[in-house]
Amino acid sequence: MPPFKFLNMNRRGRIYAILLVLTLVVSAISIMKSVSRNKSNSKAPHYSFRIKDFTSTQYSGNFLVRQLHADEFSIEPRRFFVFNVRSINEIVIDHARLSVYLSDKITDRHVDLFSFDGGLFSAEKKGMGGEKISYPSNVGLITRAIIKGIQIEIYRDKKPILSITARAGYINLKNKNVRLKDAVFKNTVNGKTVKSRLAVWDNKRQLFVLPRKYIFYRSEHIPDSGIINIDLKGNMFSAVY
């Protein structure tokens, strides 16, 4: 507003003009603070729950069934496109090493490999003493688990029979779907090996399913047709669906 016009205004007009300028100044300061706060918050991710050097052990009576070690276990807001939805979360595990111990004499025929029933990824968890374990109350709904680097060793009667490594694993906690990316399966008894860009764990049939189009390496004597199934005894066989 030019100075001469401001001086020619009546008293009421001058008051309105001063109030307008003050309002604009306050609004500008408030916006600048908000932008600065958002930039500061975006630099560091928000973790609801985090454990370094995480270990989880599961027994059946006195028999060790499963042992999981990880560099880090955390629960974070799940990202949808570019947004974080804080009421919907996911488990993130860095560099997981899972050992599973099987025995025809002790364990049941059905093996809860990824611990859906009463284990790490179940809705209700119990400690070694039977006490109920729950995540912090502010965590919210957990819908999936992401494993960044995983190594699985399957033992039967204390002897290693199957070794699995994968670049990443994705677990849908609602439908119990498990997908391993860039996975390598090796029968440690006979050395047979299969490599696939995708492997799917079938919890009902207790085996891994490797679609043919994703397989990029297989040892000799492994059929080069159809889908490759790998069970927890290390058997690798072809199947056509």
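Predicted model: local features only at pLDDT ≥ 70, side-chain atom pairs only at ≥ 80, totals over all residues.
β10 has partners to pair with. β9 runs antiparallel to β10, joined by 3 bridges, and V200 sits opposite V209. The two strands make a hairpin with 4 residues between them, and Q206 in that turn has a positive phi of about 65 degrees. β10 also pairs with β12, again in the antiparallel sense, over 4 bridges. Here F208 is the residue facing I230.

## The nonpolar core

F208 and L210 turn up again in the largest nonpolar core, which has 41 residues. Along with F114, I154, L180 and F185, they touch the most other members. Nonpolar side chains tend to be buried together in soluble globular proteins.

Leaving aside residues up to four places away in sequence, L210 touches F185, V194, S196, L198, A199, I215, I227, I228 and I230.

## Aromatic rings

There are 4 aromatic pairs in the structure. Take F54 and F73: their ring centres are 4.6 Å apart and their planes sit at 20 degrees, which is under the 30-degree cut-off, so the pair counts as stacked. This pair ties together distant parts of the chain, with F54 in β1 (residues 49-60) and F73 in β2 (residues 63-80), 19 residues apart. F54 counts as buried because its relative accessibility is 11%, and F73 counts as buried at 1%.

Elsewhere, F185, W201 and F208 come together as one aromatic cluster. There's a charge over a ring too: K195 lies over the face of Y217, at 5.2 Å from the ring centre.

## A glycine in β6

G149 belongs to strand β6 (residues 141-156). With 16% relative accessibility, G149 counts as buried. Not counting residues up to four places away in sequence, G149 touches H95, A96, A166, R167 and A168. As for G169, that residue is 20 residues from G149 in sequence, and the C-alpha to C-alpha distance between the two is 7.4 Å.

Conventions
Residues numbered from 1 in each chain as written. Heavy atoms only, no water. Phe/Tyr/Trp six-rings, centres within 6.5 Å; stacked < 30°, edge-to-face > 60°. Buried < 20%, exposed > 50% of the residue type's maximum accessible area, 1.4 Å probe, protein only. Lys NZ or Arg CZ within 6 Å of the ring centre and 35° of its normal. Contact = heavy atoms within 4.5 Å. Core = buried A, V, L, I, M, F, W, Y, C linked by side-chain atoms within 4.5 Å. Pairing = 2+ DSSP bridges.
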